[in-house]
Amino acid sequence: MEAYDLNQTHIIIPPEEIALSTKQLQVYYGHNQQPSMTNASLSFPRFQITALIGASGSGKSTYLRALNRMNDRIARVDGEIRYRGTNINSPKVNVYEVRKHIGMVFQKPNPFAKSISENITFALKAAGITNRQELSNRVETSLKEAALWDEVKDSLNKSALSLSGGQQQRLCIARAIAMKPDILLLDEPASALDPISTTKLEVTLKELTKKYTIIIVTHNMEQASRISTYTAFFHLGHVLEYDQTEKIFQTPEIQATHDYVTGNFG
Amino acid sequence: MTPNQTDRIATQLINFLVLIVVLILLFLLGDIIFSGFPHVSWHFLTSPSSSFSAGGGIRDQLFNSLYLLVLTLLISFPLALGSAIYLSEYAGNNWRTGLIRTAIEVLSSLPSVVVGLFGYLLFVISFHIGFSILSGAIALTFFNLPLLVRSIEGSLHAVPDSQREAGIALGLSNWRTIRGIILPAALPGILTGIILSAGRVFGEAAALIYTAGQSAPILNYADWNPTDGSSFLNPMRPAETLAVHIWKVNTEGVTPDAVSVSAGASAVLIIVILIFNFGARAIGNHLYKKMTGGK
Amino acid sequence: MDEIQKKLNAPSKASREDVIGRIISYTCIAVIIALVVSILYFITSRGIATFTTNHVSLWQFLTGKQWNPGTLSANGQPQVGALPMIVTSFSVTILAALVATPFAIAVALFMTDIAPKTGAKFLQPVIELLVGIPSVVYGFIGLTVVVPFIRHLFGGTGSGILAGTIVLFVMVLPTISSLAVDALRAVPTYFRSASLALGATRFQTIYKVLLRAAMPRLLTAVIFGMARAFGEALAVQMVIGNAVLMPHNLVTPTSTLTSQLTTNIGNTIMGTLPNNALWSLALILLLMSLVFNLLIRYIGKRGEIKS
């Protein structure tokens, strides 16, 4: 692999209202002295889709999982994550509240071994919502927003595991947005899906930007260019370039980015 | 001899040894059933035992075994569950966890007679509880805990990490995730483990001889007050179980029909344990199917 | 500060739930640890009383052949020689493991390499049933079938090491078999395919590749079986004869550590030498189970298959 200069970067700050930003974020796994993610400082605009791209092992998933502190148990995270004027990376911050406001959808669909509606209501009940009308409203709206309602409205009591992979992933999205988060983090949500399910998912995500800020990790560059407004390119644990998606894919400033998006990488 | 001939002979030898193992089991089951069944009757199951004359039954012993089993599970299940949750969800990968695992392994490798003697020393002698169902249940708990912890931990581990992540990402506490998501998903495995351990507890005798005792006082099955001395529910009374009974009538040599009583009791013991084993599998499969929507 | 900021900075129901969860599970594990420590402590403190309070020499205890703790010998020493029981315990354990191992490995090979389908369908339940039969039932069958059979063949009472070995053989067979199955399954499939692809017959593959690769885990399987045999009490007690004599052959009554314990602990008075001597036997059992445990760990650590 060609050795790129990891200190040469091009990172902009979007002009829109910023929903979430990080400053000098570093992630250390286990007892490693060497960080798996180095000095990542990015700002994510509100109600837009931002894509994080890069080869496997570039640190994009590590970075995404740090944003709602999913790495708490397995890694040390230094630096600042600023959300609503609070540094949510502080150990004093209530991490459960953080995750309620910053939801996450994973690479492999992971519905609970419960019925479709229970998948959505379980966390709502834990959060103290007991009104049955309210619960069933949330089930319906979140399933509609995730474009799954028409397929499952007659079988809400069926096991979620009986759904297809694509349906399961949309159920996971519905489950996340039923919590009414601000921000939705998606970690390669389409990698386990077939092309038709992927297209459906992308349409759904576009729709969701009306109400949510979305940050999506993807290894699929067409997908990134189709759906995102901004794109960050990760390489070997460093963010090398962050700009408007069009710019990244057509006139990148950094050689590594250029090589990656044109397929001449590695 | 060519390699092919050796191969054929070796295969034949393996088949032959396997056949013998199968024959041993068939012989054992056949012996228990054919020599035991003729002695199992309604009268045998419902009349009290007698030490010095023929014709005694196993009513009280059977009840004691079941009662002891229930008490043992009531004590050991919560403890085992809590410990298994600790090991699979909270324990870090460090020397402390290693030490805890070693301690549990040591407990599981102790001979049941040693565990029983410890129960005898501590509860019967030191705490003056005397030979009692309670002492027996606690001794059986010691004997049962390591296996139960291991099987529950295994079931919890079998639940994919993605389920934990799913719960935590929704802002649920770890504890809520464990209770509401991981435990239900692990339920078929946990239940199977409990029932299989129930079979072992039901047949155990060495740990009980000096804790629950070897005598079966007359019980009053109409007395539902557990504090009464003769109540069948009283946990402080001595209680000979079915397995202990088989051992006792054979070693004391004062019961004239010891052989037929033990044959009948063995048959009952085996049947109950068979029911546990098949029940465990059936319930596990049923729950699994139900949870995954028949897929 | 807006409402969301307040929420982010204050503990919630979820934080409290986690504290409760930790307290519950930590308590449970603490109870188990306390239990193990107190078992080790109590049995040890009782077991060493023979040597500390009654001043029996350890050497005499381990090598003496006379076991009669209630009376003094001609030279005024208490007669607490545990050697007959130690020898018998080891004899039945080793013999049972020796007999059971070939059968167990045959069963395991049948289930992993010869006929996995039939194995899973018929042999698996056979093994599980054998595990499920309680030890008193094994003892009872030993007493009513094995002992009379030996008596018929060799005369005498029929009780003794041979009867004990036969009963223990059947009891440890399923333990060793199921662990042997795990051991063979842990050998990666490509070991097999590589050997077969080189033109080796199935037996050559089994003998030269499979058994060798699985050897450490097979050994731990056998040790597990031995640990079970060594600690088994009632089944052995019912067929061994319970006479504390040095075994001179396989068919005369003798006594194991466990059988002596179960027979006599209720007939002695706490704190007296005869009672203390029995606790010393229990201590030997405890120490042996620790030794088996260490052996299993040691072999297990050395024999992990790296793939």
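Two exercises on a predicted model follow, each with a worked solution. Local features need pLDDT of at least 70 and side-chain atom pairs count only at pLDDT 80 or more, while totals for chains, interfaces and linings use all residues. Residues are numbered from 1 along each chain as its sequence is written, and side-chain values use heavy atoms, with hydrogens and water left out.

**Exercise 1.** Describe the side of chain B that touches chain A.

Solution. 
1. Contact means heavy atoms within 4.5 Å. By this rule, 26 residues of chain A are in contact with 21 residues of chain B.
2. A salt bridge is a side-chain nitrogen of Lys or Arg within 4 Å of a carboxyl oxygen of Asp or Glu. The two chains have one salt bridge between them; B:Glu165 and A:Arg65 meet in a salt bridge at 2.8 Å, N to O.
3. Helix H7 (161-169) and helix H8 (174-203) of chain B each give two or more residues to this side, helices being DSSP runs of H or I with at least four residues. The largest share, seven residues, comes from H7(B).

**Exercise 2.** Find the phi of B:His128 and state whether this residue is buried or exposed.

Solution. 
1. Most residues other than glycine have a negative phi.
2. B:His128 is not a glycine, yet its phi is positive, about 55°.
3. B:His128 lies in the loop between helix H5 (112-126) and helix H6 (133-158) of chain B.

Technical notes. Chains are lettered from A and ligands numbered from 1 in the order in which they are written.
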